[in-house]
Amino acid sequence: MTVSLERTPRTTTPIPRAAALGIALAALATVVWSGSFVTSRALHDSVPPVQHAFWRWLVALTAVAPFGARRAWRQRKVIRRHLGFVLLAALLGVSVYNTLVNQAGLTTPAANMGMIMAASPVLMAVFERGAGVRLGTRRVVGLLVACAGVVLLIGGGTGGARFAVGDLWMVAAACCFGAYSGLLRRKPAELGGTAFLFTTFLFGTALLLPAQGVSLAVQGGFEPTPGTVLPILYVGVASSAVAFFAWNRAIALVGPSRAGVVYYLQPVCVALLSWALLGEATGWAQMLCMALILGGVVLGAATRR
């Protein structure tokens with residue numbers, strides 16, 4: 001549905017619908033990405049981090065190609081004109097971000113990975129505020145409430161878990177993802193979403209080729225078994241093609257700060273997956289922290305009046 005530029009936001013009804021769709025897409029991406037942290041941890045002793053990232057994006061590129069390759073070719077002049085922007089987005093969101101996540105999975109539990117990544121919405125809000133966008137009091141309060149829940153969860157809700165080297169890799173990944181999400185706000189309007197997605201996947205995979213070659217030469221390849229191939233297919237199709245399309249569209253609809261508030265659901269989703277799949281218990285402290293996070297999400301995602 002196209003909204004006429006001649007109408008004002010206060011008199012058009014599609015605006016709330018667009019906001020609701022954006023929040024729903026951000027939530028979809030967040031839930032799907034929660035499984036990717038579990039996958040990164042599960043493959044830490046069988047698939048090297050760089051090879052995990054390379055095959056993930058090669059699968060994602062294959063999944064998106066039937067929809068995006070032709071559109072990217074039609075917009076090749078636009079892509080060439082904004083090549084610097086596309087390359088930076090591919091580097092941050094494809095090549096570097098997931099490689100850092102996989103590297104963190106070598107020494108950090110999936111729950112820690114999800115909790116640390118929940119700090120990235122703060123960075124998204126900072127980037128958006130730096131671009132001159134007013135966040136609004138309600139959204140700022142929602143960010144602070146959700147952030148408090150994350151801090152409490154890390155500090156005591158997990159039983160006093162200690163930080164490992166992988167946690168530092170996750171901090172770097174959170175910064176990278178926050179920068180990527182902030183960058184999406186400046187995506188040229190003339191560049192279509194599917195063409196942009198395919199192009200960033202293509203360039204991001206190409207940028208990983210040198211590191212992939214080094215990893216194969218030094219570490220050797222991994223054994224293709226159901227235990228390695230199926231998780232890579234999941235992160236390639238669901239966590240990459242589907243989730244990135246949903247997230248990019250959410251950014252376009254509601255902006256990085258409001259979508260970022262929804263991203264605070266990440267530790268909650270990871271904790272629920274840990275409980276459902278791994279049998280890890282969730283105590284009252286964790287439940288309190290999750291309530292704060294959810295409350296912050298609802299408050300921060302509300303339409304500004």
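This is a predicted model: local features need pLDDT of at least 70, side-chain atom pairs count only at pLDDT 80 or more; totals for chains, interfaces and linings use all residues.
Two residues are taken to be in contact when heavy atoms of each lie within 4.5 Å. On this basis, among contacts in the protein between residues at least 6 apart in sequence, 91% join residues at least 24 apart. The protein contains 12 helices and 0 strands, and its order along the sequence is accordingly written α-α-α-α-α-α-α-α-α-α-α-α. Of its 305 residues, 49% count as buried.

The relative accessibility of Thr30 is 0%, and because buried denotes a value under 20%, Thr30 falls in the buried class. The side chain of Thr30 lies 2.8 Å from the backbone oxygen of Ala26. When residues up to four places away in sequence are set aside, Thr30 is in contact with Trp247, Val262, Tyr263, Leu265 and Gln266.

Ser36 is likewise buried, with a relative accessible area of 6%. A polar atom of the Ser36 side chain is located 2.5 Å from the backbone oxygen of Trp33. Apart from neighbours within four places in sequence, the residues touched by Ser36 are Arg56, Tyr234, Val235 and Ser239. With 3.6 residues a turn, an α-helix has residues three or four places apart pointing the same way.

Helix α8 comprises 20 residues, 165-184. The distance from its first C-alpha to its last is 29 Å, close to the 28 Å expected at 1.5 Å a residue. Of the 20 residues of α8, 14 are buried, so the helix is largely enclosed by the rest of the structure.

Packing against α8 was examined for helix α5, which covers residues 110-117. Two packed helices are described by the angle between their axes and the distance between the axes. For α5 and α8, the angle is about 35 degrees and the axes are 9 Å apart. The crossing of α5 past α8 is right-handed. On the α5 side, the contact is made by Asn112, Met113, Ile116 and Met117, while α8 contributes Asp167, Met170, Val171, Ala173, Ala174 and Phe177. By residue class, this contact between α5 and α8 consists of 8 nonpolar, 1 polar and 1 charged residue.

Definitions and conventions: Residues are numbered from 1 along each chain as its sequence is written. Side-chain values use heavy atoms; hydrogens and water are left out. Buried means under 20% relative accessible area, exposed over 50%, partly exposed in between (1.4 Å probe, protein chains only). A polar contact is a pair of N or O atoms within 3.5 Å; within protein, one must be able to donate a hydrogen and the other to accept it, and residues adjacent in sequence count only if both atoms are side-chain atoms. Helices (H or I, at least four residues) and strands (E, at least two) are DSSP runs, numbered from the N terminus. The expected span of a helix is 1.5 Å times one less than its number of residues. Axes are lines fitted to C-alpha atoms, for helices over the stretch in contact, and angles run from 0 to 180 degrees between N-to-C directions. A crossing is left-handed if the near helix is turned anticlockwise from the far one by less than a right angle, and right-handed if clockwise. Ala, Val, Leu, Ile, Met, Phe, Trp, Tyr, Cys and Pro count as nonpolar, Asp, Glu, Lys and Arg as charged, and the others, Gly among them, as polar.
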